[in-house]
Amino acid sequence: MIELYHVGKVYPGADRPALDDVNLSIGKSEFIILAGASGAGKSTLLRLLFCAEQASSGQVILQGKNLARLSRHEMAKARRSIGVVFQDFKLLPALSVLDNIALALEVQGLSRDDVVRRCLKVLNEVGLSHKTHQPIAALSGGEQQRVAIARALVVEPAVLLCDEPTGNLDAERAREVMELLITAHVRGTTVVVATHDPALLSGGRRRVVALDQGRIAHDAPAAAARRSDQRFDAA
Amino acid sequence: MIGALSASVVKHGWRSVRSGGLPFFFAVLMTALGMFSLTAFGTVLWNFRALARAVGESVAAVAFLKVDDAAAAEETRARIQLTPGVESATLMTPEEALQRARRGLSGSAALQASAGLTMPWVVEVVPRFSLEDGESARLELVQRIGALDGVDEVLHPGGELKRIDALLRLLHGAGLFLAVLIVLVVVVVVSNAVRLTVLVRKDEIAIQKLVGASDAFVALPLLLSGVVQGTLGAVIALVTSGIAHASLARVVRVALSGALGTFTLDPLPWWILACVIVGGALLGAVGALLSVARFLRTSS
């Protein structure tokens, strides 16, 4: 599903690479947690995956396609099969909940009826059907994050990328958001979550890829990663 | 799918129009001003051409014949009539020609000197007048008639026509200059208005790209916004021109009617008005396209 071969990313003016010789393979329907401190390279890796950045070196392969070789049109098409959730939600505050979610379907040229039907379905799934026509600005942080997840899920993506999806939420709201992501995973979506929230590492069977200064430090199930972290912490 | 995309383009285009704010209003105003100037100038040119045509059609050439009898004069008249570029050829007897000449000299000292003057048979030739024919075409016609058997000399008072030609060329040149200037101004103003709209909607466009919007999906609503600006400007210009025409037509008719008959300030024909609207829309589209293309080049 996702393959990274010797991927490096250097931002102009930076004193060290954001990513350095990263090799990673993520299979279909996997649930991956990208762990690491701020600046470890998690967000950069996600940005490479949804084509917001290009790798300085190496290859990023998504669903069999080398992202560096995609034309603008193909890149737009590739993004339609990826759902992305951000820590800062990236919603349009002036628009309603429905219109925010509808945007992801409108770019695909779906009819208004289909758009509304699918939006209502996904809003029901994230528990926001009663807020359909409310402006985003009127929602709480947790609700806004659920709208962002709904926008990502409404396209029924093959891959769901989440960048610190619980970063701005309290523990209860964070748990609700994680449940939504797990539900998507159970339906067969490949989920990649970048986080430095230790609470999210507690799901024992999930694969955790820990990044440190742009390099992969560990790649193991959560329990093993935790043990490894404790070893590092003790040292 | 195309229908659904069109609906989305219209929806997001309308959002671009609404978020245009003051720059949008300014662009519409400038377009209206430019288009009004062009329409006003066009009306002047259109009516001047009508006036020039009336003058041109009233100027006749005179062919003096070297024939002795009426039958030969009539034969020559018929040959002149068949010459390409001749609208009409009217035969005048020497007596009629003399009377006409005396009427022309009425009150002058030359009239006293005309006693004992004799005239030949004369053919009054009205050329088929066209504004597009230059002076050379008229000279050619005079030479063709002059070369016919039985024609002694052809006189063509081309002075007025020369002045009309020169004035028309000047007006056409000025019109072209004005048009180029207005096209540039409108394109630049609309382009900047759309660029500001892009800045206002930058976040929204970034999110659209994030969820897979193609360049066309981003660009078309902005192009639509430019087209709306141009079209609105052109419509306002036409309405203003209509009001100005209604107010000025009577004054101009009274001021300019005279020896050549009643002068009416005609409005521009419908097809030119349609061209103004289409032109406004096109200029808006071009202005928007410049901004959008630059934006898409620099955005990922």
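Visitor: How many bridges pair β1(A) with strand β4 (residues 57-62) of chain A?
Guide: Strands, like helices, are DSSP runs numbered from the N terminus (E and at least two residues for strands, H or I and at least four residues for helices), and two strands pair if DSSP finds at least two bridges between them. β1(A) and β4(A) run in the antiparallel sense, and A:E3 has A:I61 of β4(A) as its bridge partner. The pairing of β1(A) with β4(A) extends over five bridges.

Visitor: Where does this model come from, and with which strand does strand β1 (residues 2-9) of chain A pair over A:L4 and A:L24?
Guide: This is a predicted model, in which local features need pLDDT of at least 70 and side-chain atom pairs count only at pLDDT 80 or more, while totals for chains, interfaces and linings use all residues. Residues are numbered from 1 along each chain as its sequence is written, chains are lettered from A and ligands numbered from 1 in the order in which they are written, and side-chain values use heavy atoms, with hydrogens and water left out. A:L4 has A:L24 as its bridge partner, and the pairing, antiparallel over five bridges, joins β1(A) to β2(A).

Visitor: Which strands stand at the edges of the six-stranded sheet of chain A?
Guide: Six strands of chain A form an open, mixed sheet in the order β6-β7-β8-β3-β9-β10. One parallel pairing in chain A joins β6(A) to strand β7 (residues 159-163) by four bridges, with A:I82 opposite A:V159. Two strands of the sheet pair on one side only, and these edge strands are β6 (82-85) and β10 (215-221) of chain A.

Visitor: At what angle does helix α6 (residues 171-186) of chain A run to β3(A)?
Guide: Helix α6 of chain A lies across β3, β7 and β8 of that chain, where contact means heavy atoms within 4.5 Å. Axes are lines fitted to C-alpha atoms, for helices over the stretch in contact, and angles run from 0 to 180 degrees between N-to-C directions. On that scale helix α6 runs to β3(A) at about 135°.

Visitor: In what order do the four strands of the open sheet of chain B stand?
Guide: Strand β1 (residues 61-65) of chain B is joined to β4(B) by four antiparallel bridges, one bridge pair being B:V62 and B:L155. The edges of the sheet are β2 (86-92) and β4 (151-155) of chain B, and helix α3 (residues 70-82) of chain B lies across β1, β2, β3 (122-127) and β4. The pairing is antiparallel throughout the order β2-β3-β1-β4.

Visitor: How much area do chain B and chain A bury between them?
Guide: Buried area is the accessible area (1.4 Å probe) that two parts lose on being put together, summed over both. In the contact, 22 residues of chain B meet 22 residues of chain A, and B:I207, B:L210 and B:V211 lose the most area on the side of chain B, together 33% of what that side buries. Of the total, 60% lies on carbon and sulfur atoms, and that total is about 1900 Å².

Visitor: Which residue of chain A forms a salt bridge with B:D215?
Guide: A salt bridge is a side-chain nitrogen of Lys or Arg within 4 Å of a carboxyl oxygen of Asp or Glu, and the rule finds one across this interface. The closest N and O atoms are 2.7 Å apart, and the partner of B:D215 is A:R72.
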